[in-house]
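Hi everyone, thanks for coming.

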Amino acid sequence: MKSSSYTLLGMLLLLALACKKDLAPLSGCTDDIATNYNPNAIIDNGSCNYFSPTPFIIQTPTGFPNMNIPSNNPMTVEGVALGERLFKDPILSADNTQACINCHQQVSSFSDPNQFSTGIDNIQGFRNASALINIGWNNSLNWDGSAATLEKQAFEPVVNPIEMHDTWPNVENKLNANAEYIQLFKEAFNIDYIDSTHVVMAIAQFERTLISVNSKFDKYLRGEELLTPSEFSGYAIFNSEKGDCFHCHGTQMFMDNSFHNNGLDIEPFLDLGLGKVTGNASDNGKFKTPTLRNIEFSAPYMHDGRFSSIEEVIEHYNSGGNYSSTVDPLMKKLGIGLQLTNQEKQDLIAFLKTLSDDNFISK
Amino acid sequence: MNKYLSILIITLLFFSCKKEEGCMDPSALNYNSEATINNGSCNYAPITNLYIHFTQTVNASPLILDSMIYTNQANDNYSVQTVRYLISDITLHTDNGTNTLLDEVHFIDISVDSTLTLNIPEIVNENYTSISFTMGLNSSKNVTNLFLNENFFPSFSWPELLGGGYHYMQLEGDFNTVFNGYATHTGGTNGIDFSFNKTFPLEINTTNNIRDIYINMEITNWYHSPEILNFTTDGIMGDLNSQTILQANGIEDVFSVYY
């Protein structure tokens, strides 16, 4: 009798609880595209919040084309900030010791002052880390053009055995265990689970903001500053066919978005460059033209960092370079070169240093 | 009986004599096979999928790249490695004076197949009797930063210090030895317009079904007639004399059109 009255009480309690749920339907946000959608809610109480990140507007600088931003990765303030954080966070490397910025150092115009970068396992690469400056205008990435977009490029170093040597599943686990990252990815992309695709999207957004158009030369073009006679003389050599720098490093981008063999080596090439990517023998020994903006800060030079100073680079062109079957026809006097005087070389270097943007490497 | 017969004959006569007006061209959309008077009402389908092909020859044979097998009239042996040029204001004309602009600027790079053919999906039906185009860019178009988002930017830019704007052509290779490069680069120089216009007869209409037009560049002819031009390892971009010769040689016989 006693036990049956307890049973009855228990049943009544259960009924009351069940009835409470039925009698007072949960109110909340019932719109399934809202960020706070509550699938249990039956009555919409007007509380829905929608994903609306703040657009990050990139002003196209004078003399530049529109930046090619993938339509599925629009620039947002939240995405850029997240990308910067990821770029600087060693969490992307297997032993949590190395971030992107370790080999793309800001003081070196986001390149590596060492000829070759050293990965987490103390293994060196075989090319110089590219400077990341106005990189959003590049039609392809890497010295050999092997990555078509910044997003695709960012997939590589994380898992490269001689770089960060991590795995994407491992990186995803580490990020998803971090409440702060979960929140930041939610704000930037409205996702609940962090995946590699959104990691590289954020990094690419940040890289597109690495824009430099405030060098002394830019100020000269805007009429705000004058060039010295030596700088102007260098500017004229640069843009004459005597110096012939402009065919590859022309326009205010100071690069041509193309690949050339500038006569560094004779055949057989140790590094096939573009040819390795395309499989065309006619592309062997060709490498991507880098911008000359901030060239003062991004030593060493060439795809393999073989030249440690601008002087050595000029000397290469001044002595004409080596013949190979794919050498660019614009290396017009192989073995003879530009024949610049010492003064002309100094002037050229003075001009190249007007392309330096101190804010870009310090702010 | 006779009465009926005459009515029938008169009726038949009446119908056979009725002159029907309409479009009498069998190729028209509204061809009227009964029409005996052409009233100018013919409607034609638009001309679709016209292809302009840009071809290059040396001594009338298709260009062979990267091989020093050619000789110019200055007796220089030479190879051709790079051929890139701009053809602008490609326009079809009719005898009654209407002009149809096919493309404002077209960039040809022989290493990029897609640039060698210009497809015009649709133009109105007309009796086109000539085609004209400009080699390079005339001074109204040859302006720095005007074509920032075109496929010939930035590689075709012409430095501000040499007058600005764009190259018209980059024709490059080696001459005599593989150590000597030449760069026949043409363009508006120091503010002088060296572009030129060419017009060629053709027949494109709704009935003849000619849909492929070939604009050929005979590369050798840049270097002679009326004047011989020698190759040089020095640039010619600031050289008004070379630019003037190239313009004159270009006008003479570099281009031809066949279809």
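Predicted model: local features only at pLDDT ≥ 70, side-chain atom pairs only at ≥ 80, totals over all residues.

Residues are numbered from 1 along each chain as its sequence is written, while chains are lettered from A and ligands numbered from 1 in the order in which they are written.

So, which residues have the most contacts inside the largest nonpolar core? They're B:Tyr85, B:Leu86, B:Ile87, B:Phe152 and B:Tyr166, in a core of 39 residues. By nonpolar core I mean buried Ala, Val, Leu, Ile, Met, Phe, Trp, Tyr and Cys residues joined through C-beta atoms within 7 Å. Buried means that 20 or more other C-beta atoms lie within 10 Å of a residue's own; 12 or fewer is exposed, in between is partly exposed, and C-beta atoms are placed from the backbone.

The largest share of this core, six residues, comes from β7(B). Strands here are DSSP runs of E, at least two residues, numbered from the N terminus. There's also a second, separate core of 33 residues, with A:Phe185 and A:Ile194 among them.

Back to β7(B). Two strands pair if DSSP finds at least two bridges between them. β7(B) runs antiparallel to β8(B), with nine bridges, and B:Leu86 has B:Phe107 as its bridge partner there. The two strands make a hairpin with four residues between them, and B:Gly97 in that turn has a positive phi of about 95 degrees. β7(B) is also antiparallel to β10(B), through six bridges, where B:Ser88 partners B:Thr134. Then four bridges join β7(B) to β11(B), antiparallel again.

Next, a loop residue: B:Thr189, between β12 and β13 of chain B. Is B:Thr189 buried or exposed? It counts as buried, because it has 21 C-beta neighbours inside 10 Å. Leaving out residues up to four places away in sequence, B:Thr189 touches several others, including B:Leu162, B:Phe194 and B:Met237. Touching, or contact, means C-beta atoms, placed from the backbone, within 7 Å. And B:Thr207 is 18 residues away from B:Thr189 in sequence but 45 Å away in space, C-alpha to C-alpha.

Last, the two chains: 24 residues of chain A are in contact with 24 residues of chain B.
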